Each structure stands twice: as structure tokens, then as C-alpha cells.
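Here is a short tour of how the parts of this structure meet. Have the viewer open and follow along.

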Amino acid sequence: MSNINPYIPMPVEISRVIDEVDTHDIKTFRFTFLNKEDEANFKYLPGQFAELSIYGKGESPIGIASSPTEPGYVEFTVQRAGTIVPGLVTAALHDMNEGGKIGLRGPLGHSWPIEFLEKKNIVVVGGGFAFTTLRSLINYMLHKDNRKRFDEITVIYGARTPGLLLYKDELAEWEKRDDIKTVITVDKGDETWKGRQGFVPAVCKEVAPSPYNTVAVICGPPVMIKFTLPVFFELGFYKENILTSLEMRMKCGIGKCGRCNVGYKYVCSDGPVFSLAELDELPREF
Amino acid sequence: MAISFKQIEEKLKTEAKRLLKAGTVSVVLAYGKGYDENHPMPYVAKNASDVENIVFNEFCTYNMARYLVRYPRGTKIAIAVKAADSRAVIQLVHEEKVFREDLVVMGIPVYGMKNSKTGEEIDSRTTCGLYNPVLYDMLLGEEVHGQPVVSPYDVLAPYEAMDKDERFAFWKKEFDRCIRCYACRKACPMCYCDPCFIDQNKPKWGDKSPQSSGNLMYHLTRFHHLAGRCVDCGECSRACPVNIPLYLFHKKVARECQEMFGQSAGMSIQDKPVLVNFRVDDSDKILE
Amino acid sequence: MKKTAIDQLHELAAHLMEKGTLIAPIKEDAGFNFREISDAKNVDLTFHNTIISPKSAFFPQMEDFVRYQTGKNVPEAMPVELNLQPTFLFGVRPCDVKSFQIMDIHFSGTGAADPYWRKRREATTILGYAFDLDAPVQAEEFYRTLGIGAADPEGSDIFMIRKGEDLLLKSITPRGEKLLAQMSPLTEASADEEKYFEDYIIRGRDFKTRFTCVDDKTVAKKLENIFHNSDFWTKVSSACLSCGVCTFVCPNCYCFDICDETLFGRGTRRRVWDACMFTDFTLEASGHNPRTQVFQRLRQKVNHKYSYHVRKYGVISCVGCGRCTRHCPVNIDIYSIVEAALKV
């Protein structure tokens, strides 16, 4: 059903809901497929996204947060969208519990270019809620079958407050490992926070990853990107070696409805992953 | 007395140039050359050389008042208006979308305007039927006198002869043609809401697909939002690519408003907006 | 080559209706439009061109995807099956036929193929119809600029040319040949009429529409260069209402929205035409809208058709049919914006 017609979603069921942040507006949903052949056909790589579909509400494009090395389910971290007018789909999803059934269309878009990343050092920089597909990438790289393919891995991840950090348990796990350098920071700590305090761009400057044979993967809110990129340029990174993931309003997710273009590229089907060199070719406004 | 469109054009250009050069206004909303003589366009002149492109002929039917809301309040604007357009300006002043002191209203008294798409003559059947602007700082021609005065509501006669079921069937048939291009909304000087009700999804007032239910919801609600505000310029009907006679419904609502409250939208700068203003002697017919 | 009398058009139409679905021009209140024919007598070829383009035969304004019920637990959704009869698209002008080929690249040529477009395309035989070379050229049209002849048979399965009171029909593709052999009432055309047909096609290439030919790569590059010139874009969009008429009548515009429309627990997920000219086209759930100004949306439209589409698919997304200009409520001439851009 799913592969022949890319507009028809596959049925999935919520098997787990995790409240990620203290403001309770970001949750990770773990989905299992109701049809075994859908599960077999859903082959994805980190960086791709899927359209979460709720009939009567609509669809929402969300990055896949789980790694393909975790079989049997697929996870999405979803923020309850919209402050003035709540987004229909994410609001409905947040009101659902385990056992809730929705639809899924995917995997869509291009993944992080795994082959391009092989045999290189990887610096992953994330800010706030944009960490979801980065987490997928990190877990993929850390998996025992994959770890040898990549050299040094550094993660720099920051959120506004400790309560707003995603995947707190996993971050703690990574900090214990010696095959990944984990640097977690918050803009503003609280009484219990014993870690770093500082904005992500400043922390990047401090950590000062070397640009030689290194690819930087950066995802975050516009203000973070604006101040982080100059740091990496100063460190000597070439634009071909800085990757990011774009977001635009989407509907079909397969490059047909014409909505999500930046210049001549559709963010859904030509992206969402782009290198800065590719973005240079596109207009800076939309 | 024949209207000399050329003379009006000359005066329009002279005044526009004068106002721009003196710095009295920074924007002149007028009419300009289109892809051929019979298809002029709305035109915005910002300096003396732009003014050379201004034209005026019988196809300059556009209601330039709809562009007023695009400029930040406080921008000094000169605007060329015909009768119904001037009413729209008054209504926008009443609704505080633009300040009277920021405007230089260049009134154009004229008759014999024609629809550039169909060549049809435009008169009180599809517009308010007035010839002379009701608000102006200057007149770019002589006031029109001696032309037949026809009520803009005469065209409603066959429609008012229908009973309720016939009327619903009539409008349902008309709106089945609607392709939801929203040209009517954008052509209207009074439809400036952002977001428009039909674009909202929480709550979703009407469906997006061009079917009866969504089409009726959109149009009937829009008519209601325009009650007491529509100035009968007819732009919506001219903009419609499938010729839906929107002017019929607007005129009907306008006539009800006139009968109930003794006032039509935008006729006098002294008025207060009809449905905003409370008078002790207001008709109670609305409660029946 | 075959022919039939124009008087007998209705019999031809009735015959096609027996074989499947006939979509042909009919006269309506505001002008002509392509519709599914229920009464053969309504088929009318006395038109210049229709208001809405025939893309609606392959990409209808509403396409239902799924019927659903909003229940508490399991949404039982039924994908809508597209059961199509053989379809005949009759009386399509050469520029509109060309538009189908351009749309093919987008809908089924790259990435995931759109099953609805593809199914409809596969089920349809196109009977193209040459423009009348003796009628004066229409001011809005400029298909010659884009390399399309007024009597260009390319893309049609069967091509038709009027000669006096007769309609000449020639098969262009094997599919057309198969249909032509079965159509009735038709008679054989004479050798003179065959010559007339071929000469007409040649004459069509000399039929001048306004504007001069331009190289699409030059246009694409120039538009790219002036992207950030907001003065230019503000000036050319000063009259634009930002409605959606140009998008809806255009044979090459393909933006759509997917909406769930529910009533009392039962609903349909469908796609409907959308327009990048609409204010809320790029409005995001956060409230941020990258294109709030009219000039940004008009810039997107012009750039998409004449620059991005060239970069992506190698061809301008326009066939010069002139509908946008003809039906624009404020008479904006889109191609003149491109011309002005070339001069900046």
C-alpha cells in the first residue's frame, strides 16, 4: 500500500511516550508498524524525515530521531507547535497515549551523507530542539557495527536551560564513553546543574575542533546558526564540509506540491540535508 | 457633455508631478499603461519620471483604495479616485486604516467607464452608479451633471422577486462555478484582514476545496463581513474570472443596510461606520 | 488522414463518449472550459482558448486520496481507487499540449512518480487542435517565444486542423493511429487536404506572437542575478493583488495543498490547487512566514517559472498561452516582468 502510492500513509501505533523537557511540550514518540511488510520496507538513514499523519487533522514533517540500528520501531521527537494558534497535528499527537494509532509516510528526503562522513572526524553541533536527527546520526555512528567507519566524534549540544535538554539519559551514557567526546552546555544553569554554562557558539570556539579531515554537522535555531558558522569559518572549515538540515513548511514531502522550495531546490526532496556550499548557490531569502 | 479622458490624464499627471516634486506626498496611486491601450494597470508613481507613465482612459476601472493599506500608516499618499473609489477612501478613514490628513484625494468625475476584459459599459447595474466623487481635495475634471440618475438597486428587481428557495438555488448554482481564486477578496478595498477567516484552520470556518459547502461558507461570510462596509465599486465582480455576479448580493445587503439605518457606506466623511455606531433610534428590524 | 464535417462534430463526440470519457470544450457563462461531456451537443470548438487550462484533465482541482473516519482508536481509512475509463481529451491547443509534456517531467519524470497524474495520462488520448491562423493574433499570447508553433502537432496523439467547414484529423502517435482507425463518422481526406494540413503546420511556425525568442538559460541566470534587487521586484509587483487567478488558469502551475475535510466524523483527505501567491502559502505553525510581502511572492512565482524550473528540469515552466495576462484582474503581463528583468 505504502510504496505504490506515496500519498497514502502506513498505519503505526504508539508504543512509548517520553516526556523530554520540563515544559512538557516536547515528547518522543516510539512507533511500531501495524503491517510487517511496511516495517521491512521502511529502510532509512539518519537525517531523513517522515510525515506523521492524523486523519482529520493533517500531516506534519518530523525528523526521525531513532537510528536505523535500533530495529523494530521508529522514534520521533515532536514539539507541540504554534504559540498563538496551536498546530493541529502536533497538538493532537501530544494528546495521544500508548496504543494511539496514526499514519506515517516515509522515509523522505536525503539522509546525512554517510559515505561522505566515513573515515573522517565528525563534529556534531546541536542547539535546543534541533538535536533530533543529530541524535539519530550519533547513535548510528556509535553502534558497534559502524563505529570503526568514522574517526573522532565530537558532540557539542546546548539548550537554554538544563530542563530543556533532550535525551538526558543518552547524553549521560555518551559522556561515559571514551569513543566520543561529549560537550554539553546550557545558556543558563540551575542549582542542580554541575556542567558547563555558555552559548553553543562560544563553546565551539573553546573546543576548537580541527578542520583537517573533519566534517561539521550543525543544526539549531537561526540565531545559533548565525553565530556558530563564523566560528567554524574562523577555525578553517570549508563550506563543503559544513552540513546542515533545513526546514520549510511542507505538505507532500516528495517534491511535488511546490511549497518548500529554497531557490530551485525543494527542501523535502533535494534536502533537507545541504552543505553550506550548496546553500551558497541558493538565494539567501526564500 | 463628453468626457475628455485625455484632459483628465493631463491634469492627473500635472498634479501628480507637482505633489511629488514638492514632497507633499511620497506615493501617487494612479493608473498606468498595460500590455496594450485597452488594458491599463494600477500604477504607483514615486518620482517625476514615473509620472510620465500615468494614463487615464475608460478602462481605468481599478479601485486604487485597496492599495492604501499596503503602506505604513503615516505615509503621505496621493490617490486618484472615481466616485465609488472615493467612498472606499472614506470608509477606510472611518476604520482608521489610513489618516485623512495623510491623503491627497484627486477626484475624477466620470462616466462611460468600460470593463477592460469584456468591453461592457459599467453603470449602476454593477456599481454604485454615482458619477462624482464624494470626497476630494481637488477635481481633475468638471463635475458630471445631467446624466440619468438610476438607482443602484434597480438591478435587484428580478432577484427580489424570487422566494427564499429560489434565491438559495440561484446562489448555489452561481457558487458551484467558484474556483476559490480569492480574486474577489483581494480586489476589494475593504478586505484587508490578515489572516482572512477562510485561511484560518483553528477553527476551520470553511473547507479549502472548491465545492458548494466551502464556497457558500466563504462567500456568504464575506458578504456578512462587508455588511455596511461595501461601497458598491463592483471590483469583486470584475475580478472574478468565472463571472459570478457578486455585485447582486453586495447591493442587496447594502440596500437592507440603507433601509434599516438610513446610511450607506462611505458616503460622507462625517458619518460613523454603520454597524459600529449605536443610535438610540436604530431600527429593531434586525431582531425580527 | 481523415476528415469530418464540423456539423457532424456532435456525432463524433457521441461516438467517443460511447468508448469512454470525453473531455472537450463547452461554452459556459464566462467563456469556454474543458469539462467531462454528458451531452454530445455541448461540444463546441468555436473558441479561441479556454479560461482554465486542460491540465485539470490530469491534475484536477480536487483529487481525493483517502476516505476516513475520525474515531477514537483506529482510523479506518480507505484509499480512493482511481477507476478510469479510456479518456479522450478533445480540442487542445498546441501550447496546452506542450504544457502536459512539461508537467510530465515534474509529476512523473523525477523522484517519486505521482500515481494520479500518471494513471490519468496513461488513460488519455489527446486530440490536439491547431489555432486559426487567419484570425488576428491575440495580444496576450506569446507561445512562439517559447518555441511552440500555432499549429504544432507535437505531443498530440491525433492532431486536428480546420479547413473551411471540415475538420481534418491526422494521427501523430501509434496510440492516435489506433483510435483514428476506430473513430466515426470519418471519411478519407483527399491528397489536397493532406497537403493543406502539412502546409498549415509550416505556416503555423511563421505565425508571430509578441515578444522575441529568448534562451531559457539566459533568462534563468538573469533572474538569479537580480534576486536581491527589491526595488525592481517592489516596482513590478505594485499593482499585483496577490490573488491566485494566474496560478489557477496556468497550464504549468502545479502547487497543491493536502487537506483533511471532515464533517460529523467522516471525511476525505484530498489535494486541492494552491497558489504561491496566497499570503499563507509558506506560513508556518510557529507563526513565521518567509514571504509576507507581495513582492516576495511575485518574485517566487516569476523565479520559479523562468529560473528554478529551468535549473531543475531544463525547461521554462510556461507555454505562452496568455491566460495569466488575460484573466489577471489588474491586467498584469507576467512575461513583461521577465522582459523588464532582462533589461535591468
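This is a predicted model: local features need pLDDT of at least 70, side-chain atom pairs count only at pLDDT 80 or more; totals for chains, interfaces and linings use all residues.

## Where the parts meet

Next come the boundaries inside chains. Chain A is divided into domain 1, residues 10–108, and domain 2, residues 114–245. In chain B, the assignment gives domain 1 as 5–139 and domain 2 as 154–287.

| Pair | Buried area | Share from carbon and sulfur |
|---|---|---|
| Domain 1 and domain 2 of chain A | about 1500 Å² | 60% |
| Domain 1 and domain 2 of chain B | about 2200 Å² | 59% |

In chain A, the centres of the two domains, taken over C-alpha atoms, are separated by 24 Å. Across that boundary, 22 residues of domain 1 of chain A are in contact with 17 residues of domain 2 of chain A. Which three residues supply more than any others of the area that domain 1 of chain A buries against domain 2 of chain A? They are E20(A), P46(A) and T69(A), with 31% of it.

For chain B, the C-alpha centres of domain 1 and domain 2 lie 24 Å apart. Here 27 residues of domain 1 of chain B contact 26 residues of domain 2 of chain B.

Finally, zoom in on a pair of helices in chain A. Helix α6 (residues 200–207) and helix α7 (residues 222–235) of chain A have axes that come within 8 Å and cross at roughly 15°. Because angles under 35 degrees count as roughly parallel, α6(A) is roughly parallel to α7(A). Their crossing is right-handed. From α6(A), the contact is made by V200(A), P201(A), C204(A) and K205(A); α7(A) brings M224(A), F227(A), T228(A), V231(A), F232(A), E234(A) and L235(A). Sorted by class, this contact of α6(A) with α7(A) has 8 nonpolar, 1 polar and 2 charged residues.

Conventions:
Residues are numbered from 1 along each chain as its sequence is written. Chains are lettered from A and ligands numbered from 1 in the order in which they are written. Side-chain values use heavy atoms; hydrogens and water are left out. Axes are lines fitted to C-alpha atoms, for helices over the stretch in contact, and angles run from 0 to 180 degrees between N-to-C directions. Helices (H or I, at least four residues) and strands (E, at least two) are DSSP runs, numbered from the N terminus. Angles under 35 degrees count as roughly parallel, over 145 as roughly antiparallel, 65 to 115 as roughly perpendicular and the rest as oblique. A crossing is left-handed if the near helix is turned anticlockwise from the far one by less than a right angle, and right-handed if clockwise. Contact means heavy atoms within 4.5 Å. Ala, Val, Leu, Ile, Met, Phe, Trp, Tyr, Cys and Pro count as nonpolar, Asp, Glu, Lys and Arg as charged, and the others, Gly among them, as polar. Domain bounds come from an automatic or database domain assignment. Buried area is the accessible area (1.4 Å probe) that two parts lose on being put together, summed over both.
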